[in-house]
Amino acid sequence: MYKVSIFNDGHEIEIHNPNVNNLKLETGSIKKEINKIDSFNMSFYQDSPAHGHLKPLKTLIKVMNTKTGIYEFEGRVLSPTGRMTEDGLHTYSYVCEGELSYLHDSQQRHIEFRGTPLELLTLILNYHNEQVEDYKHFEVGIVEVTNSTDNLYVYLSAERSTFEEIEDKILDRIGGELRIRKENDVRYLDILNRVGDDKSTEIRIARNLKSMSQSVDPTEIVTRLTPLGTRVESEDEDATDASEARLTIESVNNGLPYIDREGLIAEFGIKGGSVTWDDITLPNRLLSTGRDWLTNQKVAHVQYEISALDLFLIGLEFDYFDVGNSHPVVNPIMNLDERLRIVGKTTNINNPQDASLKIGDKFKTLNDYQADANKRSRQVIDLQSRVEGQSRTISTIKNEVVTVESNLQDLQKVVEDADIEGLPDAIGDLEDAINSLNDALAEIPVYGPATYETDGLQTAVDKLAYDQLKTKIDLLAVTDQINLDHLKQKLDRLTVTQPINLDQLYQDVEDLKNNQE
């Protein structure tokens with residue numbers, strides 16, 4: 001599935017091959033995140049062809065997905081770690097970093113800049129390319145990000161690396177996501193509004209979702225807001241900007257400088273905070289703006305960690321999991337049925353179908369937060385009701401099985417006692433008991449292989465045991481009907497001819513009992 005090669009001065013050495021059994025790394029893990037430098041961690045034994053050929057910061061390394069033909073990691077080798085176990089086995093571990101790390105190998109210069117984001121990136125990368133080796137060069141690619149004026153006014157700093165300046169002067173100010181793109185062996189750096197696509201492949205419980213964890217962080221919530229407006233000029237001529245007060249809402253809010261949102265306080269308690277709007281000069285406008293902010297603030301963000309099977313690798317899905325792509329995620333137990341985006345992925349090259357995915361922060365308002373809590377409560381009640389209903393059905397089945405056994409014993413006793421008059425009633429009771437048992441079994445929902453879940457809750461009756469029990473009862477019903485008809489024919493003959501053959505009749509009942517068992 002994965003081929004790993006190292007390069008020293010253009011000379012390639014293959015150190016991992018999916019098809020050659022003795023050419024394997026002990027471990028290999030690729031980690032990718034949006035706007036982060038990719039990493040590849042590997043370890044190998046002393047007999048690996050990699051041993052003795054890895055030079056920190058100089059040796060290049062590539063990891064190719066042989067199914068897609070795409071290099072999922074390209075970069076360089078960093079720090080090594082050696083280890084010897086008690087039995088004398090030596091292993092060597094290396095951390096490798098992706099090509100974005102080359103942007104840390106150059107420093108920018110102190111310069112004032114005015115212009116478009118595209119022009120700024122061009123200036124930064126040109127100066128980077130002047131300082132580093134050819135294999136570390138980046139060409140300016142697609143730049144989608146901008147602001148309302150398509151103009152930036154910034155100062156570049158000689159104290160920061162090229163990567164830090166791109167992050168500070170572009171990504172942190174106007175947004176965007178970095179992408180390395182290669183065409184005709186030329187490396188381009190794109191800054192897109194968003195990397196990845198919306199995919200149709202679902203991540204669903206009982207199909208490809210193995211495990212999932214959810215974390216909710218409401219620590220940034222503000223339940224009592226102090227809105228602040230423009231600076232108020234001080235009568236003190238020696239006052240500085242830092243000591244000048246700001247416009248508040250006290251004059252239009254009954255003397256209070258803050259506003260509360262009772263629903264948030266009831267949910268989270270009092271947690272104060274302030275927001276400043278430099279362009280607001282009127283108290284009434286400041287009050288209305290503060291109320292709008294308090295109403296619309298995002299009170300919590302939710303992040304998911306998912307372990308999922310990448311069925312694309314075995315041909316069962318059209319899409320594979322990649323950083324930046326979004327997928328429908330369905331987990332009824334956690335009240336989740338929506339499209340979420342992958343912002344991080346960890347791939348084990350020795351077991352690539354098990355993908356560890358990080359889903360990006362999804363911010364929620366108070367209404368979303370409370371609605372989810374209510375839905376979870378209703379979900380628990382609904383699941384409890386289903387379990388109770390299935391438990392009652394199982395109890396009914398058990399009772400019906402006991403009834404069938406009891407009627408068989410009664411029928412056997414009638415024959416043994418030669419109670420000819422009571423035999424038809426006993427046979428009729430046995431038929432009724434078998435029919436009741438079949439009715440009880442029919443009330444259990446049966447799910448096919450792809451949908452053997454009820455809102456994520458496995459049914460209380462194991463499907464295999466159910467199928468076996470149903471097959472036995474169906475066989476009993478068929479066999480029983482044949483034997484009962486035979487018994488009835490004998491009873492009819494008895495009432496006409498009266499030559500009673502109790503031994504044969506007893507044998508018929510024994511056969512019926514054996515079939516039931």
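Which residues of E5 make up the covered face, and which the uncovered one?

A: Happy to! This is a predicted model, where local features need pLDDT of at least 70, side-chain atom pairs count only at pLDDT 80 or more, and totals for chains, interfaces and linings use all residues. Residues are numbered from 1 along each chain as its sequence is written, and side-chain values use heavy atoms, with hydrogens and water left out.

Strand E5 covers 60-65; strands (E, at least two residues) are DSSP runs numbered from the N terminus. The covered face of E5 holds Ile 61, Val 63 and Asn 65, while Leu 60, Lys 62 and Met 64 form the uncovered one. In a regular strand, side chains alternate between the two faces of the sheet.

E5 pairs with E1 in the antiparallel sense over six bridges, where pairing requires that DSSP finds at least two bridges between two strands. Here Ile 61 is the bridge partner of Ile 6. E5 also pairs with E6, again antiparallel over six bridges, and Met 64 stands opposite Tyr 71 in E6. Four residues lie between the strands in the hairpin of E5 and E6, and Gly 69 takes a positive phi near 75 degrees there.

E5 also gives three residues to the lining of the second largest pocket, the largest share. A pocket is an open set of points on a 1 Å grid over the protein atoms alone, where a 1.4 Å probe fits, with protein on both sides within 12 Å along at least five of seven lines; lining residues have an atom within 4 Å of a point. Among the residues nearest the centre of this pocket are Leu 60 and Lys 62.

How values were computed. Buried < 20%, exposed > 50% of the residue type's maximum accessible area, 1.4 Å probe, protein only.
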